[in-house]
Amino acid sequence: MKQLLFSSCASFFIMSLLVLQLCPTAISHSKQVPKDITKLKKWEADNIKDFNAQKSDVSKGIPRIVLDKRLAAAENSVRVITVAKHIFADFETINDAVNSIPVNNKQRTIIWINGGEYWEKITINISKPFITFYGDPEDMPTIVFNGTAAVYGTVYSATVAVESRYFMAVNVAFVNSAPMPDVNRTGAQAVSMRISGDKAAFHNCKFVGFQDTLCDDKGRHFFRDCYIIGTVDFIFGNGKSLYLNTTIESVAKDTGVITAQARQNVSDDSGFTFIHCNLTGIGNNTYLGRAWKESPRVVFAYTYMGSLINEAGWSTGKHPESNRSAYYGEYKCEGAGAFSSGRVSYAKLLSDEEAKPFLSMTYINGNKWLIPPPNI
């Protein structure tokens, strides 16, 4: 009996070691974002795994690849093409570079964009996955157009629209230069970026506009070290997205609204989570979010909220019934605009346990598809 017990324990121990060896990143990916922002870079490094480093581990007999198969295959074969206006490059426009990529593209294609302003309206359709827009952080390229809802419809007014999977942008500014809406103008919504493709990441990017700046339309997305500026509903859509260490600036002259998350049913798996962000801007009447659809879900954690935030914090907008189905959460935020006694009754000051699902990369299944920006 003792020998059988020992054998069983030994087998369990060996199997445990095999599981840990086969899945060495599982523990890392389960860790929550640290409250101490000085530890954020270390957390990012642990949770956004370098694909080339993982390949090196595999060559040594250590099975570490955890990326989904299509992404891993695309990253094995990287192509770089260049765009510039006044120096030698492969293309003069970003649209030409995108058009050169074959339908059903299967390799990571990096479009290196020289600094300067590019007046273009760009759509990357669903047939062209694995595209990266890459700029120089010291000379960031700006893609700008002035499309409005009156001309194109809101979601089609975007300066850049991405409908394909596995898109990445690094050090790029997306701008809609249409004028700020006023009460006498209709159809003035103007989108700078619409991201409708799944598994997209933005690193050190800027999104500049007024009403409806960033259409976080659908899919899982990651925004890191970004800057977003707008007035009303300027982060909107039904995406499931994690915003990390991002500055969000309201320039609304009257009433401002940061988010209009579009979850329609409580069973839908979407929502916006903001961690270690900085909410800044003018005035004192900006809401964290309003109910554009019936069951929005938005969480702010470890975020600095300036005095621009309205004391009520949240609004049911055109859906007063959403006070029963909205999920508006705040967790350990700071600043003059953070959770106060004046908050609406349906806002939640989250407990540690309630906040936990929103505080790790598993919220967007990032351990399966998030990789660092390329080194060019």
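Student: What makes strand 17 (residues 240-244) mostly covered?
Tutor: Five of its five residues are buried, that is, under 20% relative accessible area (1.4 Å probe, protein chains only). The strand is a DSSP run of E with at least two residues, numbered from the N terminus. This is a predicted model, in which local features need pLDDT of at least 70 and side-chain atom pairs pLDDT 80 or more, whereas totals for chains, interfaces and linings use all residues. Residues are numbered from 1 along each chain as its sequence is written, and side-chain values use heavy atoms, leaving out hydrogens and water.

Student: How do you know that both faces of strand 17 are covered?
Tutor: Side chains of a regular strand alternate between the two faces of the sheet. Here K240, L242 and L244 lie on one side, S241 and Y243 on the other, and all are buried.

Student: Why is strand 17 said to pair with strand 14 (residues 220-224)?
Tutor: Pairing requires at least two DSSP bridges; these strands have five, in the parallel sense. R224 is bridged to L244 of strand 17. Strand 20 (residues 271-275) also runs parallel to strand 17, joined by five bridges, and its I275 is the partner of L244.

Student: Why is A178 called buried?
Tutor: Its relative accessibility is 3%, below the 20% limit, so A178 qualifies as buried. A178 sits in the loop between strand 9 (173-176) and strand 10 (193-195). Beyond neighbours within four places in sequence, its contacts (heavy atoms within 4.5 Å) include F145, T148 and F210.

Student: What makes V151 exposed?
Tutor: V151 has a relative accessible area of 61%; exposed means over 50%, so the term applies.

Technical notes:
Helices (H or I, at least four residues) and strands (E, at least two) are DSSP runs, numbered from the N terminus.
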